[in-house]
Amino acid sequence: MRTKTLKKNKINVVTLGCSKNVYDSEVLMGQLKANDKDVVHEEEGNIVVINTCGFIANAKEESVNTILEYVQKKEEGAVDKVFVTGCLSERYKPDLEVEIPNVDQYFGTTELPGLLKALGADYKHELIGERLTTTPKNYAYLKIAEGCDRPCSFCAIPIMRGKHKSTPIESLVTEAEKLAANGVKELILIAQDLTYYGLDLYKERKLADLLRGLVAVEGIEWIRLHYAFPTGFPMEVLEVMRNEPKICNYIDIPLQHIADPILKSMRRGTTKAKTTKLLQEFRKAVPEMAIRTTLIVGYPGETQEDFETLRDWVKEMRFERMGCFTYSHEENTHAYNLEDDVPEDVKMDRANEIMEIQSQISWELNQQKIGKEFKVIIDRKEGNYFIGRTEFDSPDVDNEVLIDASKFYLKTGDFASVKVVEAEDFDLYADVI
């Protein structure tokens, strides 16, 4: 007679960092499920896989703290095994093995088959597009390429993710079809660099062709572009955006800075004049486009004059969406050879000043939306409101539309037509029409 039943393992995948990591976790979970493993995302499980971020200091600290937290749980007997994967692990594996030895095994960003083997699973090549999505059911990230060939001085991504590697168009269309069959209505295209897409596979930039393939997928209603690079941007993409209603009038194009001495030191391959001209061409080709960008302040050698150039340019360009970050001095990057000479408090003051300007711009642009009608997708219900987004807003980073749930009944994942009745810096309040 058996006195002890064997405990069934439950694998808990914990995701830190950016949308690329979310995607990687979903692929891992899809593989585990196909191997009949019990897998959950950020819930209780006796085996833990931590998908780490190693991009900048804050992200690294969060990753290390999360590893230590689960190692402690392992020592207390609350979990049985802890595995670590992702960018931090790729970048600092030898150091981590010495500093936190109680992790069962560390894996880099390209070692999915090895990680699966350690979890008692086989890597299944036939699972193109099979993922366990962790986002709300109505949208999903579609990673169209991995890695980056750009030489930006401040960035450690090529160290962690390797050279640019595009996924073939037909594979991405297949993946999109599978996502649509599961109820996904919005695809958010991500890569380290969308602009470069196709150069390695097809010897020419193919983002426009990919978009034409994706708009043909039945069930997909919105396609959104994230992380384009300004140098070499394929301008035919704007034509596709203008002519195809499924492609959101939205682009995320991280510009980082605008003062020419900083752009040169950052090795961005562009100038203030070229960047300004590119954005003017964007606005001319697609006048209603929302442009999101991210900026870095406090880069080595950034003078007050450089900062003022950036600040004045932000006022002039009136971006619809923006994030601003303080420079993080990252080892093994080109900029690490420079002196990190802008004091932390100055970095913070500059970032806050930029965001205050942006907050005012956002408020002014939002006031213009009062009385106008928009199509929104409903992501969730929170408190007394249904929370939706327009085509000009990406999840987690952009504006949201709040609809009074006591007055209107909506379903998560559905589209609704609304009229804006009130507007704040980053939120709109609307009634269903």
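1. **Ground rules.** Residue numbers start from 1 along each chain as its sequence is written, and because the model is predicted, local features need pLDDT of at least 70 and side-chain atom pairs count only at pLDDT 80 or more, while totals for chains, interfaces and linings use all residues. Side-chain values rest on heavy atoms, with hydrogens and water left out.

2. **The domains.** The chain is assigned domain 1 (11-119), domain 2 (139-368) and domain 3 (372-432); such bounds come from an automatic or database domain assignment. Between the C-alpha centres of domain 1 and domain 3 there are 34 Å.

3. **What UniProt says about regions.** An unreviewed UniProt entry places "domain: Radical SAM core" at residues 134-365. The span 134-365 is 41% helix and 16% strand, and its end C-alpha atoms lie 32 Å apart. From UniProt, again an unreviewed entry, comes "domain: TRAM" at residues 367-433. For 367-433 the figures are 1% helix and 52% strand, with 19 Å between the end C-alpha atoms. UniProt positions follow the numbering used here, feature names are shortened, and annotations may be inferred rather than shown by experiment. Helices (H or I, at least four residues) and strands (E, at least two) are DSSP runs, numbered from the N terminus.

4. **The annotated cysteines.** The unreviewed UniProt entry also lists a "binding site" at Cys 148, Cys 152 and Cys 155. Cys 148 sits in the loop between strand 7 and helix 5 (157-161). With a relative accessible area of 12%, Cys 148 is buried; buried means under 20% relative accessible area, exposed over 50%, and partly exposed in between, using a 1.4 Å probe and protein chains only.

5. Lining it are 37 residues, of which Tyr 23, Val 27, Leu 112, Tyr 123 and Lys 143 are the closest to its centre. Elements that give two or more residues to this lining are helix 1 (19-34), strand 4 (81-86), helix 4 (112-118), strand 7 (145-146), strand 8 (165-166) and helix 6 (169-181). Helix 1 provides the largest share, 7 residues. Since domain 1 (11-119) and domain 2 (139-368) both give residues to the lining, the second largest pocket lies between them.

6. **How the pocket is defined and what lines it.** On a 1 Å grid over the protein atoms alone, a pocket is an open set of points with protein on both sides within 12 Å along at least five of seven lines, where a cavity is a set of points where a 1.4 Å probe fits but cannot get out; lining residues have an atom within 4 Å of a point. By class, the lining of the second largest pocket has 12 nonpolar, 14 polar and 11 charged residues. Here Ala, Val, Leu, Ile, Met, Phe, Trp, Tyr, Cys and Pro count as nonpolar, Asp, Glu, Lys and Arg as charged, and the others, Gly among them, as polar.

7. **Aromatic pairs.** Rings of Phe, Tyr and Trp (its six-membered ring) pair if their centres lie within 6.5 Å; planes under 30 degrees apart are stacked, over 60 edge-to-face, and the rest tilted. This rule gives 8 aromatic pairs. One of them is Tyr 299 with Tyr 327, edge-to-face because the planes stand at 75°, with ring centres 5.4 Å apart. Tyr 299 and Tyr 327 are 28 residues apart, and both are buried. Phe 386 and Tyr 409 are edge-to-face too, with centres 6.3 Å apart and planes at 85°. Phe 386 belongs to strand 15 and Tyr 409 to the loop between strand 16 and strand 17 (415-423), so this pair ties together parts 23 residues apart in sequence. Phe 386 is buried at 5% relative accessible area, whereas Tyr 409 is exposed at 69%.

8. **Two backbone details.** Most residues other than glycine have a negative phi. Glu 42 has a positive phi, near 55°, and lies in the loop between strand 2 (38-41) and strand 3 (47-52). Asp 396 has a positive phi near 75°, and its loop runs between strand 15 (385-389) and strand 16 (400-404). Glu 42 is partly exposed at 43% relative accessibility, while Asp 396 is exposed at 71%.
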